[in-house]
Amino acid sequence: NILHLANNDERVKVLIVLRADFYHRCADYDGLRAMLETNQRFIGPMTRDELREVIEKPAKRGNWHFESGLVERILSDIGDEPGTLPLLSHALLETWHRKENRTLMLQGYIDSGGVNGAIAQTAENVLNNVLKTEEQNIAQNIFIRLTSLGEGGPDTRRRVLEDELYGASQERNQVEQVLRQLVDSRLITKSRELSNIESHDAQDAGDSTGIYVEVAHEALIREWQTLRDWLEENREAIHIRR
């Protein structure tokens, strides 16, 4: 349908954004493969100057300031590592939570865990200091179900219907509570998707709407050692269940 639209309607321009590690799957579709051969732009990592703009410009628009040396420290921590933008995003958020007046502080950044540790530190803090023991087990099950095991490649996030995360009916309230905590902590996100109906019919759709859940940052799967341990301990069982 996308190819038909791109080829037959001059009023429409179609833009597809595709992750490099899924690029090979395009070879399964003859038309798409042919289009990609002549219509593609390969996006590489940001330069140091571009990363500086990503950090400084939004803050400037909001009249926020950085303590001297903080931006340089962040850029140094990022280095040349690929895939760091989600980590940078979370580290900046956690640094902002530790701000003084309208200034983001170097010590606040360090306390957050920095680029490489902030998201894992947030997850570990929620698991051990926010959730109760029985809720920790529920959280483990949620994160495992939100991870797609890599077959010869990295594990990636998996988008699932919220109903898949509920077990026995008596646990539903507990699962809902844990999901709220994880959403509030920006570790997972929820989104509603309509089935094949017109949007103005949505209110009458009943069960035709679905709420999807996914990990907020795939970096969490890479960086949070507790989750890595859970996946390794349960990898065979996950394969069997999937």
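The lining of the largest pocket comprises 28 nonpolar, 9 polar and 11 charged residues, where Ala, Val, Leu, Ile, Met, Phe, Trp, Tyr, Cys and Pro count as nonpolar, Asp, Glu, Lys and Arg as charged, and the others, Gly among them, as polar. The model is predicted, so that local features need pLDDT of at least 70 and side-chain atom pairs pLDDT 80 or more, while totals for chains, interfaces and linings use all residues. Residues are numbered from 1 along each chain as its sequence is written.

A pocket is an open set of points on a 1 Å grid over the protein atoms alone, where a 1.4 Å probe fits, with protein on both sides within 12 Å along at least five of seven lines; lining residues have an atom within 4 Å of a point. Volume is the space filled by probe spheres set on the points, which are joined across faces, edges and corners.

| Pocket | Volume |
|---|---|
| Largest pocket | about 1700 Å³ |
| Second largest pocket | about 230 Å³ |

Of the 48 residues lining the largest pocket, Val17, Leu18, Arg19, Ala20 and Ile43 lie nearest its centre. The second largest pocket has a lining of 3 nonpolar, 5 polar and 3 charged residues, including Asp21, Phe22, Ser148 and Thr156.

Phi of Asn63 is positive, near 60°. Asn63 is partly exposed, at a relative accessible area of 45% (buried is under 20%, exposed over 50%, partly exposed in between, with a 1.4 Å probe and protein chains only). Arg186 likewise has a positive phi near 60°, and its relative accessibility of 49% places Arg186 in the partly exposed class.

Key. Side-chain values use heavy atoms; hydrogens and water are left out.
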